[in-house]
Amino acid sequence: MAFRAGIGSFRTRSIGKDGTELRSPELLPPYDANFDEFGPRYADLPMEILVNIFSYLTPSDRREAGLTCHRWCEAAHHTAFLDRFWLVLQRIQFDANEPPVRMLLDSFRHFPNVQLREVDFERLGNYFQQFGPHIRRIAFDACDLQERALFAILSHLAGLRSLSIRSCRDLFMCVLLFENPTERAALRQTLSGVTELSLAHIQYLSDAILHRLMEIMPSLTSLGLPGCNVSFHPGLYRKFYPGDRKQPSESVLTFQYIAQVIDERKALLRTLDFSQTLVDDNALEVLAAMGPELQLERLELERCEQLSGRGLGTLLRVQAAHLRELNLSRSYRVTDSCLVQICQEVPGLRVLKMRECRAISNQGVRQVVQLAQLEVLDVSYCKAINGEGILEGIASKRNETLRELYIGGLDLSERSIIAITENLPELRVLDLGYCFHAMSDLCLQFICRNMVRLTHLTLDGCRKVSDGGLTGLGMLGQMQRYLQADTEVPPESDPAIVAGNGQQSAENGQASASPPAEERQPAVPQAPPFRISLRSRAEQEIVNDAERKRQLMEAMQQKESLKQQASSSSSSTAAFSGYSIERLQQLHVLNLAGCNSLTDVSLLFNFRLLELRELSLSACKQFTHEGIQALVRGCPAIEKLDLSECFNIKDEAVRQIVLHLHRLRELSLRGCYQLTDYSLDYIACHCHRLRVLDVRGCKQIDGEPARRLANLPQLTTIRPDKANDHDTSDVRFGYGGSAMPPGAPPPPVGLLAMRL
């Protein structure tokens with residue numbers, strides 16, 4: 001700006017041919033202090049406009065934009081976005097006099113969603129008094145929590161809507177939990193707005209404790225008891241309730257009493273979760289007998305091994321008009337007849353999960369096409385389903401409603417996958433993992449061509465996928481041949497033509513003269529000399545991969561030269577290349593683990609995905625630092641990168657990763673045995689946001705990497721190399737963050753979280 005001000009008064013003279021001065025205009029206008037040569041000041045926009053602009057960003061991009069200036073930071077943490085933000089406190093002593101709780105007390109921010117994992121409560125202080133009214137959802141996961149601490153916490157959560165307690169064993173060992181009627185009355189008034197209660201994997205939960213918890217939450221609409229020791233046998237119920245059966249038992253949790261509680265709240269309950277319990281047909285028939293008053297919208301029955309079609313069919317007939325989400329994953333006794341009944345009697349179903357239901361076959365999955373409002377379908381690892389069932393079912397006609405499809409581990413065919421890409425264009429999530437025989441380069445080309453709105457693509461274990469499928473080099477001709485073969489009907493297939501040709505040949509058989517014998521016998525070409533390869537099978541595969549890589553590199557160089565020489569847009573290159581993965585610009589998660597045929601060519605040629613957040617290249621053993629360098633330049637937004645068992649990765653590749661991936665939070669280098677301590681030094685110097693690091697199996701790296709990475713404040717988990725690579729113990733230290741807080745209830749996918 002000083003240079004601009006200095007030259008503002010500089011004037012020039014225009015001299016004519018005769019030497020006289022013609023004019024002396026100013027070179028630049030006078031300096032204006034309000035002029036900004038970098039453009040308008042967007043930070044001065046009204047907060048409402050900034051919040052509206054930020055609402056179009058993903059949580060990750062919003063977080064990065066908040067680092068620009070104070071005002072953008074304020075807009076990024078506006079209350080409009082706080083509902084999707086989780087605060088996670090993990091493995092700490094909850095002490096108001098020690099960090100991180102002391103730092104939270106000094107901050108001005110409040111968090112509506114709080115998750116506490118393996119937290120030992122020492123001194124609560126006034127944290128929940130100060131921030132409790134703002135908390136909407138709270139989850140306790142494997143915490144050392146006592147009755148007095150829980151009462152002190154809940155008594156300040158006046159705005160609570162969801163409560164989740166998971167694996168808190170010591171808390172429920174106290175049989176007198178909330179036994180005081182005065183305290184229950186106070187909590188009932190405070191927690192009157194709670195609508196969701198989840199008690200997961202609690203061993204000592206009893207009827208009496210459940211009764212008291214339900215009493216202090218009168219507005220429940222969702223009840224979850226996954227993994228609890230629920231007794232469904234009527235004999236055990238009679239043993240512990242010998243008298244009038246009015247007083248709940250302090251020793252056992254029975255379904256008979258749970259049914260009484262559900263019957264009392266049936267006008268409000270909309271969600272039930274009995275996953276990982278021994279719920280049977282008789283129990284579901286009891287729920288069905290509660291009549292039209294119980295209107296379930298969501299039913300979770302995952303891994304219920306005693307469940308069969310009889311009880312489930314009875315319940316579905318009663319709840320057909322209201323049910324929207326149904327999860328029957330790993331319920332091995334669910335058969336095709338049950339699936340057919342679901343498709344025929346529950347037309348409004350939107351989410352159907354039947355993962356690893358081994359009794360489901362093509363006969364049942366064909367009927368899924370009747371669910372016109374279905375948005376999520378999961379039939380992964382149902383071994384009896386193959387490509388014919390998918391072709392005749394969900395991929396038989398165009399469907400623009402389905403958003404997520406999980407069909408990993410099925411015996412599909414190329415034709416079925418291509419039909420999915422053509423008839424399900426609005427898919428956002430597609431899981432084709434471990435489709436060994438079907439998923440090929442041709443299928444991947446159709447995915448890149450037709451499914452440009454994909455955000456999650458899983459292809460792990462698809463060994464037939466190679467560089468041609470990701471880059472499209474030389475694939476256009478193969479696609480055209482497939483389309484022509486699919487649309488054209490060969491003349492031999494027409495019965496009229498076949499009959500006419502047969503009759504004509506029979507009529508002309510006598511008249512046609514046979515050619516001489518020497519003309520009928522074709523010339524036999526000379527066979528090439530027979531060669532015996534002395535290579536082993538593994539060596540031959542290595543040679544073939546190297547030859548394929550060389551050919552693709554030559555093809556890529558040829559295409560680049562054609563692009564430079566061609567004057568038209570695509571006349572000289574259209575027939576040379578197909579569709580590259582660059583077309584999937586909305587892709588956030590890409591899993592290519594186990595695709596060992598991929599080489600650096602895939603990363604060097606048009607691998608530019610600006611929205612990519614998670615990438616797995618595990619067991620892709622042909623990648624080197626050249627491909628990694630192109631990857632990190634083309635995908636700068638990666639936050640989670642998995643390079644496990646990529647044996648050709650060296651220190652230079654790690655250097656490129658940490659220099660260009662500024663958002664990197666999780667990095668897995670397990671089994672990369674060529675890495676040395678230089679990689680740790682690169683990470684310590686440049687990767688300041690890293691939170692999880694896995695270096696198991698890296699033999700040349702220091703056995704205690706925490707010493708070299710002590711300067712990374714957010715690094716919480718290090719998996720160092722052990723003498724036994726199967727040891728999964730972690731080294732955790734410091735304060736840090738997590739991109740996603742798992743646990744119950746899990747936050748929605750893609751949301752922000754802060755872990756301390």
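Biologist: Where is Phe178 found?
Modeller: Phe178 sits in the loop between α9 (169–172) and α10. Helices here are DSSP runs of H or I with at least four residues, strands are E runs of at least two, and both are numbered from the N terminus. This is a predicted model, where local features need pLDDT of at least 70 and side-chain atom pairs count only at pLDDT 80 or more, while totals for chains, interfaces and linings use all residues. Residues are numbered from 1 along each chain as its sequence is written, and side-chain values use heavy atoms, leaving out hydrogens and water.

Biologist: OK, and is Phe178 buried or exposed?
Modeller: Phe178 counts as buried, because its relative accessibility is 1%. Buried means under 20% relative accessible area, exposed means over 50%, and partly exposed is in between (1.4 Å probe, protein chains only).

Biologist: What about phi of Phe178?
Modeller: Phi is near 55 degrees for Phe178, a positive value in a residue other than glycine. Ala619 has a positive phi too, about 65 degrees, and is not a glycine.

Biologist: Where is Ala619 found?
Modeller: In the loop between β20 and α27. Ala619 counts as buried, since its relative accessibility is 17%.

Biologist: While we're on α27, which of its residues are buried?
Modeller: Helix α27 (residues 625–634) has Gly627, Ile628, Ala630, Leu631, Val632 and Gly634 as its buried residues. Their cover includes α26 (600–604), β20 (614–616), β21 (640–642) and α28 (651–660).

Biologist: And which residues are buried in α14?
Modeller: In α14 (residues 281–288), the buried ones are Asp281, Ala283, Leu284, Leu287 and Ala288. Seen down the axis of α14, they fall within an arc of 160 degrees, so they line one face of the helix. That arc is taken from the directions from the helix axis to the C-beta atoms. Among the elements covering them are α13 (255–264), β11 (271–273) and α15 (309–319).

Biologist: Switching topic: how do α8 and α10 pack?
Modeller: Helix α8 (residues 147–154) and helix α10 (residues 181–190) pack at an angle of about 35 degrees, and their axes are 10 Å apart. Axes are lines fitted to C-alpha atoms, for helices over the stretch in contact, with angles from 0 to 180 degrees between N-to-C directions.

Biologist: Which residues meet there?
Modeller: Arg148, Phe151 and Leu154 on the α8 side meet Glu183, Leu187 and Thr190 in α10. Contact means heavy atoms within 4.5 Å.

Biologist: Which residues touch the most other members of the largest nonpolar core?
Modeller: Phe140 and Met439, in a core of 186 residues. A nonpolar core is a set of buried Ala, Val, Leu, Ile, Met, Phe, Trp, Tyr and Cys residues joined through side-chain atoms within 4.5 Å. There's also a second, separate core of eight residues, including Leu50, Phe54, Ala75 and Ala76.

Biologist: What does Ile342 contact?
Modeller: Leaving aside neighbours within four places in sequence, Ile342 is in contact with Leu316, Leu326, Leu328, Leu349 and Leu371. Ile342 lies in helix α16 (residues 336–345) and is buried, with a relative accessible area of 0%.

Biologist: Last one: which peptide bond is cis?
Modeller: The one from Pro99 to Pro100 is cis, with omega near 5 degrees. Pro100 lies in the loop between β4 (93–95) and α6 (101–106).
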